[in-house]
Amino acid sequence: MEVFALVGPLYRRVHRKIEQDAPQQGLSVGVRAVLDLLHEHGPMTVPQMGRAQSISRQFVQRMVNGAVADGLVEAVPNPAHARSSLIRLTDAGCTAIDAVIAREHALLRAGAGDLTVSDVDTCVRVLGRLIALFEDVNVDD
């Protein structure tokens, strides 16, 4: 329960920080999340992105539409499913998310203090286990 008590406020503070930085970065929280997913996993469908982030497909679609309008992503044919296009980063999208990630990594390195790689690995393992515990929760309702 202590982890849950910390994760909520952390999420909201990070969300707010991204919102505050949006004018300088030119990316909303939602579009930034889409770009980050595509940067990490390569081309994905909108439903895949929704499942990966535990958010509704409809919300992801709105974010993708905005990113398409800004020239950051594009839809391409999906050989596995004719009706569900793959969304991929454009060169502009790669440049934008690379810049955001570089700024965020610098911020995190500066604030890491005495945390070790082992500390981070343990944190990731615990949070991954908690996500798995709730994987059956439907986010499209």
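Predicted model: local features only at pLDDT ≥ 70, side-chain atom pairs only at ≥ 80, totals over all residues.
**Entry 1: Arg 32 and Glu 104**

I started with a pair of side chains: Arg 32 and Glu 104 form a salt bridge, 2.4 Å from N to O. Arg 32 belongs to helix H2 and Glu 104 to helix H5 (residues 91–111), so this pair ties together parts that are 72 residues apart in sequence.

Next I looked up accessibility for both partners. Arg 32 comes out buried, with a relative accessible area of 10%. Glu 104 counts as partly exposed, at 23% relative accessibility.

Asp 36 is partly exposed, its relative accessible area being 24%.

I jotted down the background too: an α-helix has 3.6 residues a turn, so residues three or four places apart point the same way.

**Entry 2: the remaining salt bridge**

How many salt bridges turn up in a search of the whole structure? I get three. Besides the pairs above, Arg 88 forms a salt bridge with Glu 74, with 2.7 Å between the closest N and O atoms. Arg 88 sits in strand E2 (residues 86–89) and Glu 74 in strand E1 (residues 73–76), so the pair ties together parts that are 14 residues apart in sequence. Both ends are partly exposed: Arg 88 at 36% relative accessibility, Glu 74 at 30%. I also checked for shared partners, and Arg 32, Asp 36 and Glu 104 are joined into one network of salt bridges.

**Entry 3: how H2 and H5 pack**

I went back to the two helices. H2 and H5 pack at an angle of about 95°, and their axes are 10 Å apart. That makes H2 and H5 roughly perpendicular to each other. From H2, the contact uses Arg 32, Leu 35, Asp 36 and His 39. From H5, I listed Gly 93, Ala 96, Ile 97, Asp 98, Val 100, Ile 101 and Glu 104. Sorted by class, the contact has five nonpolar, two polar and four charged residues. The whole salt-bridge network of Arg 32, Asp 36 and Glu 104 shows up in this contact list.

**Entry 4: H2 on its own**

Helix H2 covers residues 29–41, which is 13 residues. I get 18 Å from its first C-alpha to its last, close to the 18 Å expected at 1.5 Å a residue. Which residues of H2 are buried? My list reads Val 29, Gly 30, Val 31, Arg 32, Val 34, Leu 35, Leu 37 and Leu 38. After H2 comes Gly 42, and its phi is positive, near 80°.

**Entry 5: the loop between E1 and E2**

Last stop was Ser 84, located in the loop between E1 and E2. Buried or exposed, I wondered about Ser 84? Ser 84 is buried, with a relative accessible area of 16%. Leaving out residues up to four places away in sequence, Ser 84 touches Thr 45, Pro 47 and Asn 78.

Conventions
Residues numbered from 1 in each chain as written. Heavy atoms only, no water. Helix = DSSP H or I, 4+ residues; strand = E, 2+ residues; numbered from the N terminus. Expected span 1.5 Å × (residues − 1). Buried < 20%, exposed > 50% of the residue type's maximum accessible area, 1.4 Å probe, protein only. Salt bridge = Lys/Arg side-chain N within 4 Å of Asp/Glu carboxyl O. Axes fitted to C-alpha atoms, helices over the stretch in contact; angles between N-to-C directions. Parallel < 35°, antiparallel > 145°, perpendicular 65-115°, else oblique. Contact = heavy atoms within 4.5 Å. Nonpolar A, V, L, I, M, F, W, Y, C, P; charged D, E, K, R; others polar.
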